Amino acid sequence: MWITVEAFIAAPIETVWRAFNDPDDILAWDASDAWRTTRAANDLRVGGRLELRIEPRHGGAGADFGATYTDVQPMRIIAWRTDAARMVRVEFREAGAGVLVRQTFEAEPEPSVEEQRRDWQSVLDGFARHARARAAHRPDPAAPSGGR
């Protein structure tokens with residue numbers, strides 16, 4: 001079964017793309033109320049690896065997450081296969097004054113589909129807040145300036 005979550009981000013596509021893929025940004029947004037990402041490495045190319053260290057916020061054993069990219073189309077699509085052989089696809093679509101990010105993933109047998117949807121939506125919502133703040137406070141250097 002496939003599950004889809006999405007978020008609209010009022011920011012330029014370049015800012016959203018960078019915030020989603022830069023390891024320093026990943027550390028800032030890839031988390032939930034119970035978990036935090038403490039290490040991130042990202043080799044964003046087909047055959048490249050995404051590697052994360054995820055730890056409970058209140059102590060306990062952490063886990064390593066790894067995935068291999070199967071599709072990378074800059075500013076459009078990223079897909080990967082996790083080390084547990086689950087597929088994930090993220091689409092970035094410019095829409096009006098921002099970007100619609102749609103993430104589709106293979107469900108695990110446990111927990112429930114609704115719980116997985118809620119957890120992944122929560123992480124994507126955190127990403128959206130981070131990307132909006134990044135756009136507001138750190139303008140993209142590639143963006144045209146409104147100079148004199």
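## Close-up views of a predicted protein chain

**Figure 1. Surface and overall build of the protein chain.** The protein chain exposes about 8,400 Å², of which carbon and sulfur atoms supply 52%, the accessible areas coming from the Shrake-Rupley method with a 1.4 Å probe and, for residues, with only the protein chains shown counting as cover. This is a predicted model, in which local features need pLDDT of at least 70 and side-chain atom pairs count only at pLDDT 80 or more, while totals for chains, interfaces and linings use all residues. Residues are numbered from 1 along each chain as its sequence is written, and side-chain values use heavy atoms, with hydrogens and water left out. The protein chain has 3 helices and 7 strands, which follow the order β-α-α-β-β-β-β-β-β-α from the N terminus on; helices (H or I, at least four residues) and strands (E, at least two) are DSSP runs, numbered from the N terminus. The radius of gyration of the protein chain is 15 Å, close to the 15 Å that the globule rule gives for 148 residues, so the chain is as compact as a globular protein of that length; this radius is taken over C-alpha atoms, and the rule is 2.2 Å times the number of residues to the power 0.38. Taken along the principal axes, the C-alpha atoms fill a box of roughly 55 × 30 × 30 Å.

**Figure 2. Strand β1 and its pairing with strand β7.** Strand β1 (residues 2-9) has a covered face made of Ile-3, Val-5, Ala-7 and Ile-9, and an uncovered one made of Trp-2, Thr-4, Glu-6 and Phe-8. In a regular strand the side chains alternate between the two faces of the sheet. Strands β1 and β7 (residues 98-106) run antiparallel and are joined by 8 bridges, where two strands pair if DSSP finds at least two bridges between them. Trp-2 has Glu-106 of β7 as its bridge partner.

Figure 3. Helix α1 (residues 13-21) is mostly covered, with 7 of its 9 residues buried, among them Trp-17 and Phe-20; buried means under 20% relative accessible area, exposed over 50%, and partly exposed in between (1.4 Å probe, protein chains only). Asp-22 lies in the loop between α1 and α2 (23-29), and it counts as partly exposed because its relative accessibility is 28%.

**Figure 4. The hairpin of strands β2 and β3.** Strand β2 (residues 35-42) and strand β3 (residues 49-56) pair in the antiparallel sense over 7 bridges, with Glu-55 of β3 as the bridge partner of Arg-36. Between the strands of this hairpin there are 6 residues, and Gly-47 takes a positive phi near 90°.

Figure 5. In the loop between β4 (63-73) and β5 (77-82) lies Pro-74, which counts as exposed at 58% relative accessibility. Met-75 is also placed in the loop between β4 and β5; its phi is near 70°, a positive value in a residue other than glycine, and Met-75 is partly exposed, with a relative accessible area of 31%. Ala-85, in the loop between β5 and β6 (87-95), has a positive phi of about 70° although it is not a glycine. The peptide bond from Glu-110 to Pro-111 is cis, with omega near -10°, and Pro-111 lies in the loop between β7 and α3 (113-137).
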